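Please keep the sequence and the model at hand while reading.

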Amino acid sequence: RGSLVQIKPDATDFPKKANPMRMSRYFLPVLKETPREAQIVSHRYMLQAGMIKQASAGIYSWLPLGFKVLRKIEDIVHEEQARAGHIAIQMPTIQSADLWRESGRYDAYGDEMLRIKDRGGREMLFTPTAEELVTDIFRAHVTSYKDLPLTLYQIQWKFRDEVRPRFGVMRGREFYMKDGYNFDLTKEDALHAYNRHLVSYLRTYERLGLQAIPMRADSGPIGGDDTHEFLVLAETGESEVFYDSEITDLKFGDREIDYDDKAACQAVLEEFTSRYARTDETHDEALFNEVPETRRKVARGIEVGQIFYFGTKYSDAMGAMVDDGKGGKVPVHMGSHGIGVSRLLGAIIEASHDDKGIIWPEGVTPFHVGILNMRSGDEACDAACEDLYAKFTAAGLEPLYDDRDERAGAKFGTMDMIGLPWRITVGPRGIKNGVVEVTCRRTGEAVEMPAADAIAKIQ
Ligand code: ATP
Ligand code: MG
Ligand code: MG
Ligand code: MG
């Protein structure tokens, strides 16, 4: 069965639609007051920037700005999964309890599972994860080793009735998760799938502007023996982590990798997991003490993903068997792999902000550049802003034009809070001198230049 990798995504496979916006027509309900319920900065800024609104405990509506970032993260996740040869599907959020009885998890899952009855009294549930349902799809359609390897994934809402929903989208009850499932003939093939996921996750997090460190973890209710969690270091993280500081120097970068090449993927796993890096669940003090003292770090981290190999746990329980090509039938080897797509917004903001607001990494920013008209209604200022707006859009970028008749302070405050990488300030004095001001959100550096140079600089 040839190469697993069907698609080599590039710019033409995933055209980015320019989606410009005028503030006067947008729905950006920025809060003036600091929301009191928010204990951590990402939660506070997401509320203040009008990205989300709580509907009930741990359940949020996604307002335009938040939804736009969520979609950008989702796009990157899809692109990297396609690159690894994994195939997208969509499974329902409401599932029958019967499947979960087959695996024994209906009772084992406990109070985190939201259980529902339909009008006929049939027991249903809102999916907290989907090993059972995907195994059911597999066993109904795949009977031969010739159809392997196969990795199916989805990005779908999940529900877990967390004891303590908190920190906004970081620990929601309803949350958006990418969950992927590999089906392989042998343990060796399944471990290759595990490694492929590790590589694709490293690439995904880096494109999101994050450093997420793979750490040996505990498998919990999913079961299994091989598992790594990906953690973003942050003081507000809920996990305690122990690691060799050398690990923070590692970068996947833009190296090319052939996802079908087992040795190449294994080498990446070894490179990124050979140094000590564990969460509190698997921490081993004696092993940790073998790391030179100056490199021993204890910190906190946010879990943004996890990969598992769990062998034949579900295929045995649910009868997912294939012909092995030698006249026998064998249960498939499986693993599951998750990325917390909605939690990532919180993690990115925790990792990238200042006291004025969010600082979006280029890869996920809701708009690329803010255009700030200092004197709306002034003919020359309006014309210059409209021209910038049209030219950025034509260049395939997404400008957000603050065309409102508002105080300058309010306009600057909003732009700083929503954290676009670049701001162009257009005022009457500058226009008279033939220049606009270009400000970098991250460094605060502001430079005056002709509008044409500003467009060239930001593109
Ligand atoms: P946690 O330890 O934070 O409870 P988990 O280990 O239970 O997470 P997994 O089953 O590994 O979660 O799910 C995959 C990913 O989904 C996690 O790595 C995390 O990023 C995300 N996730 C899990 N629970 C939540 C939640 N309640 N809210 C937002 N994201 C979540
Ligand atoms: Mg959990
Ligand atoms: Mg966990
Ligand atoms: Mg986990």
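## Overall fold

Of the contacts in the chain with a separation of 6 or more, 74% are between residues 24 or more positions apart; two residues are in contact if their C-beta atoms, placed from the backbone, lie within 7 Å. This is a predicted model, in which local features need pLDDT of at least 70, side-chain atom pairs count only at pLDDT 80 or more, and totals for chains, interfaces and linings use all residues. Residues are numbered from 1 along each chain as its sequence is written, while chains are lettered from A and ligands numbered from 1 in the order in which they are written.

The chain holds 14 helices and 24 strands. Helices (H or I, at least four residues) and strands (E, at least two) are DSSP runs, numbered from the N terminus. Along the principal axes, the C-alpha atoms of the chain fill a box of roughly 85 × 55 × 45 Å.

## Burial and core

Of the 459 residues in the chain, 40% are buried. A residue is buried if 20 or more other C-beta atoms lie within 10 Å of its own, exposed if 12 or fewer, and partly exposed in between.

The largest nonpolar core has 101 residues, and M46, I73, V304, I371, L388 and I424 touch the most other members. Helix α6 (residues 187-207) gives the most to this core, with nine residues. A nonpolar core is a set of buried Ala, Val, Leu, Ile, Met, Phe, Trp, Tyr and Cys residues joined through C-beta atoms within 7 Å. In soluble globular proteins, nonpolar side chains tend to be buried together. Leaving aside residues up to four places away in sequence, V304 touches Y205, A212, F230, V232, I339, G340, R343, L344 and A347.

M46 lies in helix α1, where V41, S42, H43, R44, Y45, L47 and Q48 are also buried. Helix α1 (residues 41-48) is thus mostly covered, with eight of its eight residues buried. Its buried residues pack against β2 (52-56), α2, α10, β18 (353-354), β19 and α12. Just after α1, G50 takes a positive phi of about 70°.

In helix α12 (residues 408-418), the buried residues are K411, T414, M415, D416 and I418. Their cover includes α2 (64-83), β19 (357-358), β20 (369-373), β21 (399-402) and β22 (422-426). G419 follows α12 and has a positive phi, near 70°.

## Strand pairing

Two strands pair if DSSP finds at least two bridges between them. Strands of a sheet pair through backbone hydrogen bonds, either parallel or antiparallel.

| Strand pair | Sense | Bridges | Bridge partners |
|---|---|---|---|
| β11 (226-233) and β14 | antiparallel | eight bridges | L231 and E303 |
| β12 (239-244) and β14 | antiparallel | six bridges | V241 and A299 |
| β14 and β17 | antiparallel | six bridges | Y309 and G335 |

Strands β22 and β23 belong to an open sheet of six strands in the order β1-β21-β20-β22-β23-β24, with mixed pairing. Its edge strands, β1 (21-22) and β24 (446-449), each pair on one side only.

## Ligand shell

Around ligand 1 there are 15 residues, of which F175, Q306, G338, G340 and R343 come nearest. A residue is near a molecule if its C-beta atom, placed from the backbone, lies within 6 Å of it. Elements giving two or more residues to this shell are β9 (174-184), β14 (296-311), β17 (333-340) and α10 (341-351). Strand β14 has the largest share, four residues. By class, the shell has three nonpolar, seven polar and five charged residues. Here Ala, Val, Leu, Ile, Met, Phe, Trp, Tyr, Cys and Pro count as nonpolar, Asp, Glu, Lys and Arg as charged, and the others, Gly among them, as polar.

## A loop residue

S376 is found in the loop between β20 and α11 (379-394). With 16 C-beta neighbours inside 10 Å, S376 counts as partly exposed. The C-alpha atoms of S376 and R404 are separated by 6.7 Å, although these residues are 28 apart along the chain. Not counting residues up to four places away in sequence, S376 touches D382, D403, R404 and D405.
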